[in-house]
Amino acid sequence: MNKLRLILGDQLNLKHSWFEIHDPNTFYLLAEMRQETDYVKHHIQKVVGFFTAMREFAATLESENHQVLYYQISDPENPQNLETIISDCIAKHNITHFEHQLPDEYRLDQQLKSICKNINIPSAISDTEHFFTSRTELSDFFEGKKSFLMESFYRAMRVKHDILMVGQNPLGGKWNYDHSNRKKYKGEVEIPEPKNLKKAVAEIVAEINAAGIKTFGSIDVNNFNWPTSRKESLEILKYFCLHLLEHFGDYQDAMVTDQKFLFHSRLSFAMNTKMISPKEVLKTVLNFYHKHSDSVQISEVEGFVRQILGWREYMRGMYWKQMPEFATKNALENYNKLPDFYWTADTKMNCLKHAIGQSLDEAYAHHIQRLMVIGNFALLTQTNPDEVDEWYLGVYIDAVEWVEMPNTRGMSQYADGGIIATKPYVSSGSYINKMSDYCKDCHYDVKDKLGEKACPFNSLYWDFLDEKRNHFAHNPRMTMMLSLLDKLKPGELAKLKEKAQSLKENVNTL
Ligand code: FAD
Ligand code: SF4
(Lines give C-alpha, C1' and ligand atoms only; values in the text may rest on other atoms or scores of the structure.)
(Ligands and ions follow the chains in the order given, each with its own letter.)
Protein backbone atom coordinates (compact mmCIF):
# COMPACT_ATOMS: atom_id res chain seq x y z
CA MET A 1 0.00 0.00 0.00
CA ASN A 2 1.48 3.33 -1.05
CA LYS A 3 0.44 6.35 1.00
CA LEU A 4 0.50 10.03 0.01
CA ARG A 5 0.72 12.59 2.78
CA LEU A 6 0.23 16.24 1.89
CA ILE A 7 2.11 18.95 3.78
CA LEU A 8 0.89 22.51 3.16
CA GLY A 9 3.30 25.46 3.27
CA ASP A 10 2.16 26.41 6.77
CA GLN A 11 2.43 22.87 8.14
CA LEU A 12 6.18 22.61 8.57
CA ASN A 13 6.04 20.78 11.88
CA LEU A 14 9.05 18.48 12.07
CA LYS A 15 7.87 17.24 15.46
CA HIS A 16 4.61 15.91 14.01
CA SER A 17 3.90 12.28 14.92
CA TRP A 18 3.75 11.49 11.18
CA PHE A 19 7.54 11.57 11.07
CA GLU A 20 8.13 9.17 13.96
CA ILE A 21 7.94 6.20 11.59
CA HIS A 22 10.08 5.79 8.46
CA ASP A 23 8.05 4.01 5.84
CA PRO A 24 9.43 3.62 2.30
CA ASN A 25 5.84 3.37 1.04
CA THR A 26 4.83 6.76 2.41
CA PHE A 27 5.39 9.78 0.16
CA TYR A 28 5.38 13.29 1.61
CA LEU A 29 4.16 15.90 -0.86
CA LEU A 30 5.05 19.60 -0.75
CA ALA A 31 4.20 21.96 -3.61
CA GLU A 32 4.93 25.59 -4.42
CA MET A 33 1.90 26.67 -6.44
CA ARG A 34 0.52 29.64 -8.33
CA GLN A 35 -2.77 28.92 -6.62
CA GLU A 36 -1.09 30.07 -3.39
CA THR A 37 1.00 32.94 -4.78
CA ASP A 38 -1.84 34.51 -6.77
CA TYR A 39 -5.00 34.53 -4.59
CA VAL A 40 -3.73 37.85 -3.26
CA LYS A 41 -0.64 39.91 -4.15
CA HIS A 42 2.02 39.07 -1.56
CA HIS A 43 5.10 40.86 -0.31
CA ILE A 44 8.23 39.38 -1.94
CA GLN A 45 9.66 38.48 1.49
CA LYS A 46 6.55 36.47 2.27
CA VAL A 47 6.87 34.35 -0.89
CA VAL A 48 10.61 33.91 -0.32
CA GLY A 49 10.02 33.03 3.34
CA PHE A 50 7.42 30.36 2.62
CA PHE A 51 9.22 28.75 -0.32
CA THR A 52 12.60 28.72 1.43
CA ALA A 53 11.11 27.24 4.59
CA MET A 54 9.30 24.56 2.53
CA ARG A 55 12.49 23.66 0.67
CA GLU A 56 14.51 23.42 3.88
CA PHE A 57 11.77 21.33 5.47
CA ALA A 58 11.74 18.92 2.51
CA ALA A 59 15.54 18.66 2.61
CA THR A 60 15.43 17.79 6.34
CA LEU A 61 12.80 15.09 5.74
CA GLU A 62 14.92 13.62 2.96
CA SER A 63 18.03 13.68 5.14
CA GLU A 64 16.01 11.65 7.65
CA ASN A 65 15.22 9.06 4.96
CA HIS A 66 11.61 10.01 4.29
CA GLN A 67 10.32 9.87 0.71
CA VAL A 68 9.60 13.41 -0.50
CA LEU A 69 7.80 14.60 -3.62
CA TYR A 70 8.55 18.29 -4.13
CA TYR A 71 7.17 20.64 -6.80
CA GLN A 72 9.18 23.84 -7.26
CA ILE A 73 7.43 26.89 -8.67
CA SER A 74 9.65 26.84 -11.78
CA ASP A 75 9.25 23.11 -12.42
CA PRO A 76 7.78 22.75 -15.95
CA GLU A 77 5.84 19.68 -14.76
CA ASN A 78 4.15 21.68 -12.00
CA PRO A 79 0.41 22.04 -12.74
CA GLN A 80 0.29 24.85 -10.12
CA ASN A 81 -2.91 23.75 -8.44
CA LEU A 82 -3.46 21.33 -5.61
CA GLU A 83 -6.13 19.11 -7.13
CA THR A 84 -4.09 18.24 -10.23
CA ILE A 85 -0.86 17.84 -8.28
CA ILE A 86 -2.50 15.32 -5.94
CA SER A 87 -4.13 13.33 -8.75
CA ASP A 88 -0.84 13.31 -10.73
CA CYS A 89 1.02 11.96 -7.69
CA ILE A 90 -1.64 9.32 -7.06
CA ALA A 91 -1.32 8.06 -10.64
CA LYS A 92 2.47 8.26 -10.83
CA HIS A 93 3.23 6.53 -7.51
CA ASN A 94 0.39 3.99 -7.37
CA ILE A 95 -1.04 5.67 -4.30
CA THR A 96 -3.83 3.77 -2.54
CA HIS A 97 -4.33 6.00 0.49
CA PHE A 98 -4.30 9.81 0.90
CA GLU A 99 -3.76 11.78 4.11
CA HIS A 100 -3.57 15.45 4.96
CA GLN A 101 -3.38 17.58 8.08
CA LEU A 102 -6.29 19.79 9.08
CA PRO A 103 -5.81 23.04 7.14
CA ASP A 104 -6.04 26.29 9.06
CA GLU A 105 -7.58 28.25 6.24
CA TYR A 106 -11.23 27.96 5.20
CA ARG A 107 -10.40 28.18 1.47
CA LEU A 108 -8.02 25.19 1.65
CA ASP A 109 -10.33 23.30 3.96
CA GLN A 110 -13.08 23.50 1.34
CA GLN A 111 -10.69 22.58 -1.46
CA LEU A 112 -9.35 19.54 0.37
CA LYS A 113 -12.87 18.32 1.22
CA SER A 114 -13.68 18.41 -2.48
CA ILE A 115 -10.39 16.74 -3.45
CA CYS A 116 -10.97 13.91 -0.96
CA LYS A 117 -14.41 13.33 -2.47
CA ASN A 118 -13.03 13.20 -6.01
CA ILE A 119 -9.92 11.04 -5.74
CA ASN A 120 -11.65 7.67 -5.34
CA ILE A 121 -9.19 6.29 -2.80
CA PRO A 122 -9.58 6.25 0.99
CA SER A 123 -8.42 9.41 2.76
CA ALA A 124 -7.81 10.48 6.34
CA ILE A 125 -7.20 13.73 8.21
CA SER A 126 -4.71 14.28 11.04
CA ASP A 127 -4.51 17.16 13.47
CA THR A 128 -1.58 19.55 12.93
CA GLU A 129 -0.51 18.96 16.57
CA HIS A 130 0.33 22.65 16.80
CA PHE A 131 -2.26 24.70 18.71
CA PHE A 132 -3.32 24.62 22.35
CA THR A 133 -6.98 24.51 21.33
CA SER A 134 -9.05 22.70 18.73
CA ARG A 135 -10.90 24.61 15.98
CA THR A 136 -14.15 24.54 17.95
CA GLU A 137 -12.94 24.86 21.54
CA LEU A 138 -13.63 28.61 21.65
CA SER A 139 -17.13 28.20 20.19
CA ASP A 140 -17.87 25.52 22.80
CA PHE A 141 -16.46 27.74 25.55
CA PHE A 142 -18.74 30.67 24.62
CA GLU A 143 -21.77 28.50 23.80
CA GLY A 144 -24.95 30.39 24.73
CA LYS A 145 -23.06 33.58 25.67
CA LYS A 146 -23.74 37.00 24.14
CA SER A 147 -20.24 38.41 24.47
CA PHE A 148 -16.97 36.72 23.62
CA LEU A 149 -14.42 38.36 25.88
CA MET A 150 -10.84 37.34 25.16
CA GLU A 151 -10.02 37.81 28.85
CA SER A 152 -12.40 35.10 30.08
CA PHE A 153 -11.19 32.64 27.42
CA TYR A 154 -7.56 33.47 28.26
CA ARG A 155 -8.08 32.87 31.99
CA ALA A 156 -9.73 29.53 31.29
CA MET A 157 -6.75 28.55 29.12
CA ARG A 158 -4.31 29.57 31.86
CA VAL A 159 -6.14 27.26 34.27
CA LYS A 160 -6.58 24.43 31.77
CA HIS A 161 -2.92 24.40 30.73
CA ASP A 162 -1.62 25.32 34.18
CA ILE A 163 0.40 28.28 32.92
CA LEU A 164 1.52 30.95 35.41
CA MET A 165 -0.79 29.45 38.01
CA VAL A 166 -0.54 28.56 41.68
CA GLY A 167 -3.39 26.10 42.10
CA GLN A 168 -6.47 27.92 40.81
CA ASN A 169 -4.93 31.39 41.28
CA PRO A 170 -2.74 33.43 38.96
CA LEU A 171 0.94 33.53 39.86
CA GLY A 172 1.75 36.95 41.31
CA GLY A 173 -1.88 37.49 42.35
CA LYS A 174 -3.01 39.20 39.14
CA TRP A 175 -4.31 37.85 35.83
CA ASN A 176 -3.51 40.94 33.89
CA TYR A 177 -0.63 43.39 33.83
CA ASP A 178 -1.86 45.33 30.81
CA HIS A 179 -1.68 48.65 32.66
CA SER A 180 2.02 48.37 33.37
CA ASN A 181 2.56 47.29 29.73
CA ARG A 182 1.87 50.63 28.11
CA LYS A 183 5.08 52.64 28.45
CA LYS A 184 6.32 55.12 25.90
CA TYR A 185 9.96 54.40 25.07
CA LYS A 186 12.20 57.29 26.11
CA GLY A 187 15.61 55.66 25.74
CA GLU A 188 15.76 54.42 29.36
CA VAL A 189 17.12 51.03 28.29
CA GLU A 190 19.04 50.04 25.21
CA ILE A 191 17.14 48.28 22.43
CA PRO A 192 19.21 45.26 21.27
CA GLU A 193 19.84 44.83 17.55
CA PRO A 194 17.45 42.23 16.11
CA LYS A 195 19.18 38.86 15.70
CA ASN A 196 20.62 38.80 12.22
CA LEU A 197 20.30 35.57 10.28
CA LYS A 198 22.04 37.06 7.18
CA LYS A 199 20.85 34.74 4.44
CA ALA A 200 21.44 35.01 0.69
CA VAL A 201 18.22 34.60 -1.29
CA ALA A 202 19.07 36.07 -4.72
CA GLU A 203 18.55 32.73 -6.47
CA ILE A 204 15.05 32.10 -5.20
CA VAL A 205 14.06 35.73 -5.81
CA ALA A 206 15.19 35.36 -9.44
CA GLU A 207 13.22 32.12 -9.72
CA ILE A 208 10.06 33.77 -8.34
CA ASN A 209 10.42 36.73 -10.71
CA ALA A 210 11.13 34.47 -13.69
CA ALA A 211 7.97 32.51 -12.90
CA GLY A 212 6.06 35.78 -13.39
CA ILE A 213 4.69 35.97 -9.84
CA LYS A 214 3.54 39.52 -9.04
CA THR A 215 4.84 40.65 -5.67
CA PHE A 216 5.44 43.99 -3.94
CA GLY A 217 7.71 45.40 -1.22
CA SER A 218 11.48 45.22 -1.03
CA ILE A 219 14.03 42.59 -0.09
CA ASP A 220 17.76 42.66 0.68
CA VAL A 221 18.86 39.55 -1.22
CA ASN A 222 22.09 39.26 0.79
CA ASN A 223 20.50 39.72 4.15
CA PHE A 224 17.18 37.91 4.41
CA ASN A 225 16.39 38.06 8.07
CA TRP A 226 13.52 35.67 8.77
CA PRO A 227 13.93 32.14 10.14
CA THR A 228 13.27 29.45 7.54
CA SER A 229 14.10 26.33 9.55
CA ARG A 230 13.32 24.91 12.92
CA LYS A 231 16.93 25.50 13.96
CA GLU A 232 16.75 29.22 13.14
CA SER A 233 13.34 29.51 14.77
CA LEU A 234 14.80 28.10 17.97
CA GLU A 235 17.70 30.54 17.68
CA ILE A 236 15.43 33.57 17.59
CA LEU A 237 13.39 32.15 20.46
CA LYS A 238 16.58 31.85 22.50
CA TYR A 239 17.59 35.38 21.50
CA PHE A 240 14.19 36.65 22.62
CA CYS A 241 14.61 35.07 26.06
CA LEU A 242 18.16 36.33 26.53
CA HIS A 243 17.80 39.88 25.20
CA LEU A 244 14.21 40.99 24.70
CA LEU A 245 11.86 39.33 27.19
CA GLU A 246 13.09 41.52 30.06
CA HIS A 247 11.41 44.58 28.53
CA PHE A 248 8.83 42.97 26.24
CA GLY A 249 5.74 43.83 28.28
CA ASP A 250 6.83 47.35 29.25
CA TYR A 251 7.30 48.58 25.68
CA GLN A 252 4.83 46.33 23.90
CA ASP A 253 2.76 49.30 22.72
CA ALA A 254 5.60 51.79 22.13
CA MET A 255 6.53 53.09 18.68
CA VAL A 256 9.92 54.57 17.89
CA THR A 257 11.20 56.05 14.64
CA ASP A 258 14.08 53.93 13.27
CA GLN A 259 13.42 51.13 15.76
CA LYS A 260 11.39 48.65 13.82
CA PHE A 261 11.34 45.69 16.17
CA LEU A 262 11.94 47.10 19.67
CA PHE A 263 11.52 44.21 22.14
CA HIS A 264 9.17 42.17 19.95
CA SER A 265 9.99 38.51 19.39
CA ARG A 266 9.58 38.28 15.56
CA LEU A 267 8.35 34.73 16.17
CA SER A 268 5.03 34.97 14.32
CA PHE A 269 6.32 33.65 10.98
CA ALA A 270 8.11 30.74 12.68
CA MET A 271 4.94 29.86 14.58
CA ASN A 272 2.49 30.43 11.74
CA THR A 273 4.44 28.07 9.49
CA LYS A 274 4.54 25.67 12.48
CA MET A 275 8.34 25.41 12.43
CA ILE A 276 7.94 25.84 16.19
CA SER A 277 4.86 25.39 18.31
CA PRO A 278 3.27 27.84 20.74
CA LYS A 279 3.60 25.18 23.42
CA GLU A 280 7.37 24.95 23.10
CA VAL A 281 7.66 28.75 22.82
CA LEU A 282 5.81 29.21 26.12
CA LYS A 283 7.63 26.32 27.77
CA THR A 284 11.01 27.85 26.86
CA VAL A 285 9.99 31.35 27.95
CA LEU A 286 8.52 30.11 31.24
CA ASN A 287 11.59 27.99 32.03
CA PHE A 288 13.75 31.03 31.36
CA TYR A 289 11.53 33.18 33.58
CA HIS A 290 11.59 30.70 36.48
CA LYS A 291 15.42 30.60 36.30
CA HIS A 292 15.75 34.39 36.02
CA SER A 293 12.85 35.72 38.08
CA ASP A 294 15.28 38.10 39.79
CA SER A 295 15.76 40.04 36.53
CA VAL A 296 12.58 39.26 34.55
CA GLN A 297 9.33 40.61 36.02
CA ILE A 298 6.09 38.64 35.90
CA SER A 299 4.41 41.54 34.02
CA GLU A 300 6.80 41.02 31.08
CA VAL A 301 6.16 37.28 30.94
CA GLU A 302 2.40 37.52 31.47
CA GLY A 303 2.27 40.06 28.61
CA PHE A 304 3.92 37.52 26.32
CA VAL A 305 1.83 34.54 27.51
CA ARG A 306 -1.34 36.61 26.94
CA GLN A 307 -0.39 37.18 23.27
CA ILE A 308 0.23 33.52 22.53
CA LEU A 309 -2.08 31.54 24.81
CA GLY A 310 -4.69 34.31 24.74
CA TRP A 311 -4.87 36.35 21.56
CA ARG A 312 -3.42 33.84 19.10
CA GLU A 313 -5.71 30.96 20.14
CA TYR A 314 -8.68 33.32 20.55
CA MET A 315 -8.27 34.71 17.03
CA ARG A 316 -8.12 31.23 15.56
CA GLY A 317 -11.28 30.18 17.39
CA MET A 318 -13.02 33.37 16.27
CA TYR A 319 -12.01 32.74 12.66
CA TRP A 320 -13.65 29.30 12.64
CA LYS A 321 -16.64 30.57 14.58
CA GLN A 322 -17.36 33.27 12.01
CA MET A 323 -16.30 31.75 8.69
CA PRO A 324 -17.36 31.85 5.90
CA GLU A 325 -19.66 34.87 6.53
CA PHE A 326 -16.77 36.65 8.25
CA ALA A 327 -14.95 37.25 4.96
CA THR A 328 -17.63 39.60 3.65
CA LYS A 329 -18.72 41.37 6.83
CA ASN A 330 -18.88 45.16 6.66
CA ALA A 331 -20.98 46.13 9.68
CA LEU A 332 -20.05 49.82 9.54
CA GLU A 333 -20.83 50.01 5.83
CA ASN A 334 -17.48 51.47 4.85
CA TYR A 335 -16.87 51.71 1.12
CA ASN A 336 -13.99 54.14 0.53
CA LYS A 337 -10.91 53.08 -1.41
CA LEU A 338 -7.66 52.25 0.36
CA PRO A 339 -5.36 55.29 -0.01
CA ASP A 340 -2.64 54.85 -2.65
CA PHE A 341 0.12 55.52 -0.11
CA TYR A 342 -0.56 52.14 1.52
CA TRP A 343 1.43 50.76 -1.42
CA THR A 344 4.17 53.41 -1.43
CA ALA A 345 4.44 55.02 2.05
CA ASP A 346 4.49 58.31 0.20
CA THR A 347 2.66 60.52 2.69
CA LYS A 348 3.49 63.55 4.81
CA MET A 349 1.90 61.90 7.86
CA ASN A 350 5.01 60.75 9.67
CA CYS A 351 3.38 57.93 11.64
CA LEU A 352 1.95 56.33 8.50
CA LYS A 353 5.08 57.00 6.49
CA HIS A 354 7.12 55.02 9.03
CA ALA A 355 4.62 52.27 9.85
CA ILE A 356 3.73 51.60 6.20
CA GLY A 357 7.33 52.18 5.04
CA GLN A 358 8.64 49.54 7.42
CA SER A 359 5.85 47.16 6.40
CA LEU A 360 6.94 47.51 2.77
CA ASP A 361 10.65 47.25 3.64
CA GLU A 362 10.53 44.48 6.22
CA ALA A 363 7.18 42.70 5.70
CA TYR A 364 6.75 43.50 9.39
CA ALA A 365 5.17 46.04 11.70
CA HIS A 366 4.39 45.38 15.31
CA HIS A 367 0.91 45.11 16.74
CA ILE A 368 0.31 48.74 17.71
CA GLN A 369 1.62 50.04 14.39
CA ARG A 370 -0.78 47.64 12.61
CA LEU A 371 -3.70 48.50 14.90
CA MET A 372 -3.40 52.11 16.02
CA VAL A 373 -1.63 53.73 13.08
CA ILE A 374 -2.32 51.83 9.84
CA GLY A 375 -5.65 50.23 10.79
CA ASN A 376 -6.83 53.30 12.71
CA PHE A 377 -6.37 55.52 9.65
CA ALA A 378 -8.12 53.03 7.35
CA LEU A 379 -11.09 52.88 9.72
CA LEU A 380 -11.26 56.64 10.30
CA THR A 381 -11.30 57.19 6.54
CA GLN A 382 -14.08 54.57 6.31
CA THR A 383 -12.19 52.30 3.96
CA ASN A 384 -13.80 49.18 2.53
CA PRO A 385 -12.69 46.28 4.80
CA ASP A 386 -12.25 44.03 1.74
CA GLU A 387 -9.43 46.30 0.57
CA VAL A 388 -7.96 46.59 4.06
CA ASP A 389 -8.01 42.81 4.49
CA GLU A 390 -6.36 42.27 1.13
CA TRP A 391 -3.56 44.69 2.00
CA TYR A 392 -2.86 43.07 5.39
CA LEU A 393 -3.03 39.56 3.93
CA GLY A 394 -0.42 40.47 1.35
CA VAL A 395 2.01 42.68 3.21
CA TYR A 396 3.11 40.82 6.34
CA ILE A 397 5.39 37.80 6.39
CA ASP A 398 3.20 36.26 9.10
CA ALA A 399 -0.10 36.88 7.28
CA VAL A 400 -2.16 33.73 7.07
CA GLU A 401 -5.88 34.21 6.87
CA TRP A 402 -6.94 32.51 10.13
CA VAL A 403 -4.99 35.09 12.14
CA GLU A 404 -4.93 38.01 9.69
CA MET A 405 -8.70 38.25 9.16
CA PRO A 406 -9.86 38.30 12.79
CA ASN A 407 -7.18 40.87 13.56
CA THR A 408 -7.92 43.05 10.54
CA ARG A 409 -11.60 42.73 9.71
CA GLY A 410 -12.55 41.98 13.31
CA MET A 411 -10.30 43.79 15.76
CA SER A 412 -8.99 46.61 13.63
CA GLN A 413 -11.90 47.45 11.29
CA TYR A 414 -14.87 46.49 13.53
CA ALA A 415 -16.43 44.96 10.41
CA ASP A 416 -18.00 42.10 12.39
CA GLY A 417 -19.98 44.67 14.38
CA GLY A 418 -18.07 44.25 17.63
CA ILE A 419 -17.85 40.47 18.04
CA ILE A 420 -14.06 40.55 18.43
CA ALA A 421 -13.39 44.16 19.43
CA THR A 422 -15.71 45.41 22.14
CA LYS A 423 -15.22 48.94 20.80
CA PRO A 424 -13.66 50.32 17.62
CA TYR A 425 -9.90 50.86 17.85
CA VAL A 426 -9.89 54.49 16.74
CA SER A 427 -8.04 57.44 18.17
CA SER A 428 -7.11 61.00 17.38
CA GLY A 429 -3.46 62.01 16.98
CA SER A 430 -3.02 62.32 20.76
CA TYR A 431 -2.80 58.53 21.31
CA ILE A 432 -0.12 58.24 18.60
CA ASN A 433 1.73 61.16 20.18
CA LYS A 434 1.49 59.51 23.61
CA MET A 435 2.92 56.18 22.44
CA SER A 436 5.49 57.29 19.82
CA ASP A 437 8.01 59.91 18.82
CA TYR A 438 6.50 60.26 15.32
CA CYS A 439 4.65 63.54 15.86
CA LYS A 440 7.65 65.69 16.70
CA ASP A 441 9.02 65.39 13.16
CA CYS A 442 5.70 65.45 11.34
CA HIS A 443 4.58 67.93 8.72
CA TYR A 444 1.27 68.09 10.63
CA ASP A 445 0.57 69.54 14.06
CA VAL A 446 -0.81 66.91 16.43
CA LYS A 447 -2.42 69.55 18.66
CA ASP A 448 -4.30 71.28 15.83
CA LYS A 449 -7.70 70.12 14.58
CA LEU A 450 -8.75 72.56 11.93
CA GLY A 451 -5.77 74.50 10.55
CA GLU A 452 -4.05 73.80 7.25
CA LYS A 453 -1.44 71.70 9.06
CA ALA A 454 -3.82 70.10 11.55
CA CYS A 455 -3.16 66.41 12.22
CA PRO A 456 -5.63 64.57 9.95
CA PHE A 457 -6.40 61.98 12.65
CA ASN A 458 -8.06 64.70 14.78
CA SER A 459 -10.97 65.80 12.61
CA LEU A 460 -11.32 62.33 11.09
CA TYR A 461 -11.80 60.90 14.59
CA TRP A 462 -14.78 63.14 15.49
CA ASP A 463 -16.25 62.76 12.03
CA PHE A 464 -16.07 58.95 12.32
CA LEU A 465 -17.79 58.92 15.72
CA ASP A 466 -20.52 61.21 14.45
CA GLU A 467 -21.11 59.29 11.21
CA LYS A 468 -21.18 55.88 12.88
CA ARG A 469 -22.82 56.82 16.17
CA ASN A 470 -25.97 54.77 15.48
CA HIS A 471 -23.85 51.63 15.35
CA PHE A 472 -22.47 52.34 18.82
CA ALA A 473 -25.54 53.75 20.55
CA HIS A 474 -26.07 50.62 22.70
CA ASN A 475 -22.40 49.91 23.36
CA PRO A 476 -21.52 50.76 26.99
CA ARG A 477 -17.82 51.00 26.14
CA MET A 478 -18.63 53.86 23.76
CA THR A 479 -20.60 55.95 26.25
CA MET A 480 -17.67 58.16 27.18
CA MET A 481 -16.52 58.77 23.58
CA LEU A 482 -20.06 59.61 22.50
CA SER A 483 -20.70 61.89 25.45
CA LEU A 484 -17.53 63.82 24.56
CA LEU A 485 -18.82 64.03 21.00
CA ASP A 486 -22.10 65.44 22.32
CA LYS A 487 -20.22 68.05 24.29
CA LEU A 488 -18.70 69.55 21.12
CA LYS A 489 -20.38 72.81 20.18
CA PRO A 490 -22.61 72.33 17.10
CA GLY A 491 -20.53 74.82 15.11
CA GLU A 492 -17.30 73.05 16.09
CA LEU A 493 -18.56 69.63 14.99
CA ALA A 494 -19.71 71.07 11.66
CA LYS A 495 -16.24 72.55 11.07
CA LEU A 496 -14.54 69.28 12.01
CA LYS A 497 -16.81 67.37 9.66
CA GLU A 498 -16.16 69.79 6.83
CA LYS A 499 -12.42 69.41 7.40
CA ALA A 500 -12.71 65.61 7.56
CA GLN A 501 -14.77 65.51 4.38
CA SER A 502 -12.10 67.44 2.52
CA LEU A 503 -9.39 65.10 3.92
CA LYS A 504 -11.29 62.02 2.78
CA GLU A 505 -11.82 63.48 -0.68
CA ASN A 506 -8.13 64.37 -1.00
CA VAL A 507 -6.66 61.48 0.97
CA ASN A 508 -3.94 60.79 -1.58
CA THR A 509 -2.47 64.29 -1.15
CA LEU A 510 -1.99 63.98 2.63
P1 FAD B 1 5.24 39.79 19.50
O2 FAD B 1 4.80 41.18 19.80
O3 FAD B 1 6.58 39.39 19.93
O4 FAD B 1 4.16 38.81 20.15
C5 FAD B 1 4.44 37.42 20.36
C6 FAD B 1 3.47 36.55 19.60
O7 FAD B 1 2.16 36.71 20.08
C8 FAD B 1 3.38 36.82 18.11
O9 FAD B 1 4.43 36.20 17.40
C10 FAD B 1 2.02 36.25 17.76
O11 FAD B 1 2.11 34.88 17.47
C12 FAD B 1 1.23 36.42 19.05
N13 FAD B 1 0.31 37.56 18.93
C14 FAD B 1 0.47 38.82 19.39
N15 FAD B 1 -0.62 39.56 19.14
C16 FAD B 1 -1.49 38.76 18.48
C17 FAD B 1 -2.77 38.93 17.95
N18 FAD B 1 -3.44 40.09 18.03
N19 FAD B 1 -3.33 37.90 17.30
C20 FAD B 1 -2.71 36.72 17.20
N21 FAD B 1 -1.49 36.49 17.70
C22 FAD B 1 -0.89 37.49 18.35
N23 FAD B 1 -0.42 38.29 13.50
C24 FAD B 1 -0.09 37.28 12.69
O25 FAD B 1 0.56 36.33 13.11
N26 FAD B 1 -0.48 37.27 11.38
C27 FAD B 1 -1.19 38.30 10.84
O28 FAD B 1 -1.52 38.28 9.66
C29 FAD B 1 -1.54 39.39 11.68
N30 FAD B 1 -2.24 40.44 11.19
C31 FAD B 1 -2.58 41.47 12.01
C32 FAD B 1 -3.35 42.53 11.50
C33 FAD B 1 -3.72 43.57 12.32
C34 FAD B 1 -4.58 44.67 11.79
C35 FAD B 1 -3.31 43.57 13.67
C36 FAD B 1 -3.72 44.68 14.57
C37 FAD B 1 -2.54 42.54 14.18
C38 FAD B 1 -2.18 41.47 13.37
N39 FAD B 1 -1.44 40.38 13.88
C40 FAD B 1 -1.13 39.35 13.04
C41 FAD B 1 -1.09 40.28 15.29
C42 FAD B 1 0.27 40.87 15.68
O43 FAD B 1 0.37 42.18 15.20
C44 FAD B 1 1.42 40.02 15.16
O45 FAD B 1 1.25 38.69 15.58
C46 FAD B 1 2.76 40.49 15.73
O47 FAD B 1 2.95 41.84 15.38
C48 FAD B 1 3.88 39.62 15.17
O49 FAD B 1 5.12 40.11 15.58
P50 FAD B 1 5.99 39.40 16.72
O51 FAD B 1 6.14 37.98 16.42
O52 FAD B 1 7.22 40.22 16.90
O53 FAD B 1 5.00 39.55 17.94
FE1 SF4 C 1 0.63 61.05 12.71
FE2 SF4 C 1 -0.75 63.28 13.28
FE3 SF4 C 1 1.38 62.64 14.70
FE4 SF4 C 1 1.65 63.42 12.18
S5 SF4 C 1 0.88 64.63 13.87
S6 SF4 C 1 2.71 61.73 13.16
S7 SF4 C 1 -0.17 62.55 11.25
S8 SF4 C 1 -0.48 61.48 14.58
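Tutor: Let us begin with a term. A residue is called buried when its relative accessible area is under 20%, and exposed when that area is over 50%. Please keep in mind throughout that this is a predicted model.

Student: Is Leu460 buried or exposed?

Tutor: Its relative accessible area is 0%, so Leu460 is buried. This residue belongs to helix H17.

Student: Which residues does Leu460 touch, leaving aside those up to four places away in sequence?

Tutor: A contact is a matter of distance between heavy atoms, with a cut-off of 4.5 Å. With those sequence neighbours set aside, Leu460 touches Phe377, Leu380, Thr381, Ala500, Leu503 and Lys504. For Leu460 and Gln101, 359 residues apart along the chain, the C-alpha atoms are separated by 46 Å.

Student: Where is Trp462 placed?

Tutor: Trp462 also lies in helix H17, which spans residues 456–467. Its relative accessible area is 13%, and therefore Trp462 is buried. Not counting residues up to four places away in sequence, Trp462 has contacts that include Lys449, Met481, Leu484 and Leu485. Between Trp462 and Met481 there are 19 residues in sequence and 9.4 Å in space, taken from C-alpha to C-alpha.

Student: Which strands pair with S5?

Tutor: Pairing requires at least two bridges between two strands. Strand S1, residues 2–6, pairs with S5 in the parallel sense over five bridges, and Asn2 stands opposite Ile95 of S5. Strand S6, residues 123–126, runs parallel to S5 and is joined to it by four bridges. There, Glu99 faces Ala124 in S6. Between S5 and S6 the chain passes through helix H4, residues 106–118, in a right-handed β-α-β crossover.

Student: Finally, how many residues line the second largest pocket?

Tutor: A pocket is described by the residues that have an atom within 4 Å of one of its points. In this model, 19 residues line the second largest pocket, and Pro194, Asn225, Lys260, Phe261 and Glu362 lie nearest its centre. The volume of this pocket is about 410 Å³. Its lining comprises eight nonpolar, five polar and six charged residues.

Notes: Residues are numbered from 1 along each chain as its sequence is written. Chains are lettered from A and ligands numbered from 1 in the order in which they are written. This is a predicted model: local features need pLDDT of at least 70, side-chain atom pairs count only at pLDDT 80 or more; totals for chains, interfaces and linings use all residues. Side-chain values use heavy atoms; hydrogens and water are left out. On a 1 Å grid over the protein atoms alone, a cavity is a set of points where a 1.4 Å probe fits but cannot get out, and a pocket is an open set with protein on both sides within 12 Å along at least five of seven lines; lining residues have an atom within 4 Å of a point. Grid points are joined across faces, edges and corners, and a volume is the space filled by probe spheres set on the points. Ala, Val, Leu, Ile, Met, Phe, Trp, Tyr, Cys and Pro count as nonpolar, Asp, Glu, Lys and Arg as charged, and the others, Gly among them, as polar. Helices (H or I, at least four residues) and strands (E, at least two) are DSSP runs, numbered from the N terminus. A crossover is right-handed if, with the strands pointing away from the viewer, the path from the first strand over the helix to the second runs clockwise. Buried means under 20% relative accessible area, exposed over 50%, partly exposed in between (1.4 Å probe, protein chains only).
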